[in-house]
Structure formats: C-alpha cells, structure tokens
Amino acid sequence: RRALAARGMVEAVTWSFLPRDQARAFGGGTDALELQNPISADLSSMRPSLLPGLLTAVERNRNRGLADAALFELGQAYRGDSENEQFVAVSGVRAGTARVAGMGRHWDGKAEPVTEFDAKADVAAVLTALGLDAGKVQITRDAPAWFHPGRSATYRLGPKVVLAHFGEVHPDTLRAVDAAGPVVAFELFLDA
C-alpha cells in the first residue's frame with residue numbers, strides 16, 4: 001500500500017460483487033460464483049478480478065470531472081467456490097495523464113497520457129517493495145484477454161508461476177464495464 005501510495009495512487013475499496021456480464025469479461029461469471037441471494041440484481045456475481053470495480057470507479061470519477069485518476073485496491077477475488085480458489089491480489093488502474101511524475105499539464109508542454117509502461121513500473125515497484133528483484137523475473141506476452149494484446153505482458157517466475165499481468169485495458173473490456181479509455185492497469189497476485 002505504501003509503495004503504490006508513494007507512486008501517486010489512491011487506495012479504493014470496491015464491491016466484491018458485480019454484474020454477471022462484467023464478471024464474464026474478466027474470466028468469471030460462472031454458475032458457481034453466482035450469489036443465491038444477491039443484495040441487488042446488478043450485483044449477482046463474485047468478482048474474478050479487482051479490475052472491474054476499479055474501472056467503474058475511474059469512470060465514476062471521470063463523470064464528475066476528474067479525468068486523471070490513479071487508483072489501486074488490495075483485496076480478495078474468486079476463481080471458483082472452493083477455499084483454494086480464493087486469492088489475494090493488488091490491482092491498480094491509471095487513466096488520463098495520471099503518471100508517476102504527476103498529472104495534468106506540465107510547464108514543459110502538453111501532458112502525456114498514461115502508457116502500459118506506467119503499469120509495468122507500478123508492478124516493478126511493488127515487487128521491489130516485497131523484496132523481489134524485478135530484473136530477475138521473466139516478461140512474457142501472454143496477458144489475459146481483458147488486456148490489449150499488443151500492449152500488455154505477464155511477469156513470471158519460471159514457466160508456471162504468474163506474478164502479475166499489466167498493460168493497456170482492451171477497448172472491448174472497457175465497453176463491457178461502460179468505461180472510456182485509454183486506461184492502463186495491473187494485477188499482482190500476492191499468493192504467488
């Protein structure tokens with residue numbers, strides 16, 4: 001939390017429930033993760049990722065006039081209904097010009113929008129804060145479908161251990177959560 005806050009990100013706490021179509025956009029939405037007695041018809045699925053809630057929060061901020069946002073969340077997500085399919089992750093999103101160096105206009109010229117390299121730097125900072133050398137992990141091009149295929153990657157420790165995904169969020173995924181882009185994001189799996 002401190003490492004991400006020092007990078008200009010604000011911690012958010014979002015719902016563990018989301019609409020089923022949003023859960024499907026992030027690899028969830030299965031019957032096993034549907035609530036039998038949801039608090040709302042729109043909040044019927046357990047979240048497979050922290051990103052849908054963060055993307056919704058970014059869009060809510062944009063609708064209120066804050067186009068530049070950098071949010072993160074540390075919490076639980078669900079791959080299935082058994083105990084070993086629940087995991088703890090830290091995820092973050094950056095939108096607009098919310099870069100590490102600051103957001104908004106700069107005296108030197110126009111502000112640059114966020115890129116996938118901002119998300120990569122966020123993951124590297126968290127890995128360093130956790131005591132791992134980010135230079136010794138592999139970077140592969142097999143990020144999940146909710147990331148843009150040409151602007152995303154995965155941090156791995158060997159061929160089997162996935163530490164994190166990062167990159168630009170795919171436009172189709174942004175449409176699924178009613179958000180506008182470009183937005184960059186990362187997911188880091190603390191259990192790994």
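The model discussed here is predicted.

Reader: Over the face of which other residue does Arg-79 lie, and at what distance from the ring centre?
Author: A charge counts as over a ring when CZ of Arg is within 6 Å of the ring centre and within 35 degrees of the ring normal. Arg-79 also lies over a ring face at 3.9 Å from the centre, and that ring belongs to Phe-87.

Reader: How are the rings of Phe-87 and Phe-189 arranged?
Author: A search of the whole structure finds 4 aromatic pairs. In the pair of Phe-87 and Phe-189, the centres are 5.8 Å apart and the planes meet at 65°. Planes over 60 degrees apart count as edge-to-face, so the arrangement of Phe-87 and Phe-189 is edge-to-face.

Reader: How many residues apart in sequence are the parts that this pair ties together?
Author: Both Phe-87 and Phe-189 are buried. Phe-87 belongs to strand β5 (residues 86-95) and Phe-189 to strand β9 (residues 183-189), so the parts tied together are separated in sequence by 102 residues.

Reader: What span should helix α3 have, and how far apart are its end C-alpha atoms?
Author: Helix α3 covers residues 51-63, which is 13 residues. The expected span is 1.5 Å times one less than the number of residues. For α3 this gives 18 Å, in agreement with the distance between its end C-alpha atoms, 18 Å.

Terms used. Residues are numbered from 1 along each chain as its sequence is written. This is a predicted model: local features need pLDDT of at least 70, side-chain atom pairs count only at pLDDT 80 or more; totals for chains, interfaces and linings use all residues. Side-chain values use heavy atoms; hydrogens and water are left out. Helices (H or I, at least four residues) and strands (E, at least two) are DSSP runs, numbered from the N terminus. Rings of Phe, Tyr and Trp (its six-membered ring) pair if their centres lie within 6.5 Å; planes under 30 degrees apart count as stacked, over 60 as edge-to-face and the rest as tilted. Buried means under 20% relative accessible area, exposed over 50%, partly exposed in between (1.4 Å probe, protein chains only).
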